[in-house]
Each structure stands twice: as structure tokens, then as C-alpha cells.
Amino acid sequence: MSDIQIDCAFDSGNILVLSTEGASARLALRKDHMSDFKQWFHFRVSGAAGRELELKITDLNTSAYPGGWIDYDACVSEDRAYWGRARSTFDVNEDGGTLTISYASGSDIAYFAYFAPYSMERHHDLIAESAQCEGVSYRRLGTTLDGQPIDCLEMGEGKKEVWLYARQHPGETQAEWWMEGALECLTDPADPVGRILRRKCRLHIVPNCNPDGSRRGHLRTNAVGVNLNREWDKPSAEKSPEVLCIRNAMDESGVDFSIDVHGDEAIPAAFLAGFEGISGLKDRQQADYLRYQAILDRRTPDFQTVLGYGITAPGKAKLTMSTTQLAQRFGCCSMTLEMPFKDNCNLRDQAQGWSPERCKLLARDCLAALAEWLEG
């Protein structure tokens with residue numbers, strides 16, 4: 001039989017084809033433009049029907065997060081709607097660290113990705129559909145270096161200024177699946193959580209902070225290799241216009257509560273990271289953060305507080321990161337939500353692992369936790 005064909009010249013595509021032989025291929029990751037970050041992959045295999053595919057992604061010991069490949073199964077879809085998992089194994093000693101993906105395809109075409117992709121076309125559908133909903137207004141905050149808009153949706157009549165923003169790191173597509181779930185809740189006139197939040201809050205929602213990196217198939221950076229979540233202290237029009245326009249809008253409105261939505265490569269759980277290391281940390285701020293975390297932990301088994309990042313020592317916070325910058329700048333309760341690329345180790349799903357569906361469900365639980373938190 002002929003060799004399989006592998007393509008990635010599409011929205012968020014990323015792979016280098018080293019060789020193909022029959023139903024097997026040797027592959028490598030392409031670095032983010034002007035950066036050494038590499039971890040994201042998204043490619044299509046054709047000529048796959050009825051064949052046992054063996055796809056080897058090599059040189060992963062030099063990837064951004066080598067620990068992310070341990071106990072990881074690649075995402076796969078034949079229809080680009082349902083994303084399951086393909087059995088994968090990682091050998092640190094093979095060819096510079098190799099992830100071997102094994103998959104028996106029932107279709108002639110199969111797509112593989114680090115996590116279920118969230119395309120820019122789907123992003124534009126999300127913005128257009130949400131903007132048509134009653135009570136929702138749209139703001140174009142600015143443009144990226146590639147000329148794409150930074151989209152912001154606003155709603156609610158309350159006094160609490162709430163900012164939800166996602167996908168500073170474009171390869172962390174969990175974040176925009178979460179945003180889709182959040183917007184479905186907030187724009188549904190029958191959803192009681194959405195109704196409460198629209199009554200008590202003014203919500204500002206930026207579903208994708210990094211459209212350029214998203215379209216280019218980057219893991220972590222924008223069009224010129226800049227990690228946006230290290231730009232919040234001194235953003236610039238030349239390097240990080242995305243952060244500059246979002247932070248300017250936040251300065252206009254003020255911020256009482258914020259969630260920055262991400263994905264974590266190595267830790268098999270959903271968790272929060274806070275702002276403990278900022279100077280002048282207020283007892284009220286920390287108490288508010290811990291209370292929200294406790295509410296969310298109680299509401300869903302897809303969240304936990306045991307696994308996560310270490311606590312930053314007092315006065316050692318990096319104000320280049322959004323969560324700490326906002327806590328310091330506004331005295332608000334801000335946080336980073338991390339979701340796994342692998343699965344929730346306490347509630348495994350063998351077919352899908354962590355999935356778009358679970359991202360969207362967690363979003364509603366996060367909003368329900370916010371509604372309860374506001375009662376306090």
C-alpha cells in the first residue's frame with residue numbers, strides 16, 4: 001500500500017514530517033515563530049482507512065515541558081467534532097524522547113492534536129453568535145501584530161466589575177472551550193446562574209487574547225515570539241499590543257474579580273493559582289480567593305486543591321503575569337485557572353481524558369461558584 005500523507009497547512013496546524021513509510025511516520029514539532037517554545041501539534045493523516053497507524057513524534061526531550069508527555073495520550077478525531085484519545089507511549093531514550101501514537105483509523109482521514117483544537121473560525125462564530133444575544137455588547141479592544149481583532153463581549157447591569165479572559169497561551173485550547181461554556185451560560189435567558197451574574201456584575205469577556213499564536217499553531221507566544229503572560233507590567237504596542245489594549249480597558253472599568261484561563265501540560269488536574277506573593281497583600285483579598293477556591297472545590301469533582309503550583313513567598317510575585325498584576329493594581333480577587341492536557345487523575349475518562357465537554361461544564365461550575373461567592 002502507498003505511504004500515508006500528513007498535512008498541517010491549516011488553522012493552528014503544526015508538525016514537521018521527517019519520513020513516512022507505509023502506515024508509519026517520523027515527525028517533529030515546529031517551534032513557535034521567533035521562540036524556542038514547542039509542544040503544540042495539530043496535523044491530518046490521510047490514506048489511513050483500515051490501517052494501524054504508528055506516528056512517532058521525536059526530539060521531545062527539548063520540548064517546553066518534557067514532563068507533559070508522561071502518561072499522556074494524543075487527541076484524535078475523524079470528524080473534527082468528537083475528540084477522543086489515541087493510545088500513546090513516551091520513551092525518553094528513543095530518538096531524543098519520542099511519543100509513539102498508535103491508532104486504528106476507521107476513516108481515510110484522521111486528525112491528531114495536543115488537545116482538541118479551537119479554530120479561529122469557531123472563535124468568530126462564538127463572537128458573532130454571542131454578540132447577537134439580548135443584553136450583550138461587543139467591543140474591539142485593539143488589533144494584534146498580524147492585524148486580527150481582540151474581541152471583547154460585555155453584559156450585565158451590576159456594580160461588580162468581572163473580567164474573564166483566556167488563551168494568552170494559544171496552544172492551551174482548553175481555555176477557549178471553557179469560554180464557550182461560560183458564554184452559553186451567561187447568554188441563556190433561562191439559566192439561573194447567568195441571570196444572577198448579569199444582575200450583580202458587569203462582565204467583560206475576552207475569549208482569545210492571542211489570535212495570532214492561535215492561527216499560527218503556537219504553543220505559548222504571539223506573532224513575534226512573546227509570551228503574553230510575561231508582559232503585564234510593561235506591555236508595548238511593538239511586542240504585546242494584545243496585553244496593552246486589554247489592560248487599558250481594565251484600567252477604564254476597574255477590576256473586582258478576574259479569572260485568567262489556561263491549561264497545564266504536566267499536572268493531571270484542574271486547579272487555581274493565586275497572588276500570594278504581591279507586596280501589600282490584603283487579608284481580605286486572600287480570604288476572598290480562598291473562599292472562592294473552597295466553593296469551587298465543593299461544587300465539582302473535576303476541581304481539586306491538592307495538586308497545583310507552589311505558593312510564592314511574600315514580596316516575590318512576578319508582576320509581569322496578569323493574575324498578580326491585577327491583584328496588585330486593583331486590590332482585587334484575581335486567579336489563574338489551569339486545566340489538564342491529560343485527564344483529571346481522580347476522575348478518569350478512558351475514551352476522552354480531559355475534553356472540550358468537561359472544559360465547558362467546569363466553566364458553568366466556575367460561574368456558579370462566583371454567584372455563590374458574591375452572596376458572601
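**View 1. The largest pocket holds about 710 Å³ of space.** This is a predicted model, in which local features need pLDDT of at least 70 and side-chain atom pairs count only at pLDDT 80 or more, while totals for chains, interfaces and linings use all residues. Residues are numbered from 1 along each chain as its sequence is written, and side-chain values use heavy atoms, without hydrogens and water. A pocket is an open set of points, on a 1 Å grid over the protein atoms alone, where a 1.4 Å probe fits, with protein on both sides within 12 Å along at least five of seven lines; lining residues have an atom within 4 Å of a point. The volume is the space filled by probe spheres set on the points, which are joined across faces, edges and corners.

**View 2. The lining of the largest pocket has 38 residues.** Closest to the pocket centre are Ala 273, Tyr 309, Gly 310, Met 321 and Glu 338. Elements giving two or more residues to this lining include α6 (283-299) and α7 (322-330). Helices are DSSP runs (H or I, at least four residues), and strands are E runs of at least two, numbered from the N terminus.

**View 3. Helix α7 has buried residues, among them Ser 322 and Leu 326.** Buried means under 20% relative accessible area (1.4 Å probe, protein chains only). The buried residues of α7 pack against elements including β12 (160-166) and α5 (241-253), with contact meaning heavy atoms within 4.5 Å. Gly 331, which follows α7, has a positive phi near 65°.

**View 4. Tyr 292 touches Phe 257, Met 335 and Trp 373, among others.** That list leaves out residues up to four places away in sequence.

Key. Buried < 20%, exposed > 50% of the residue type's maximum accessible area, 1.4 Å probe, protein only.
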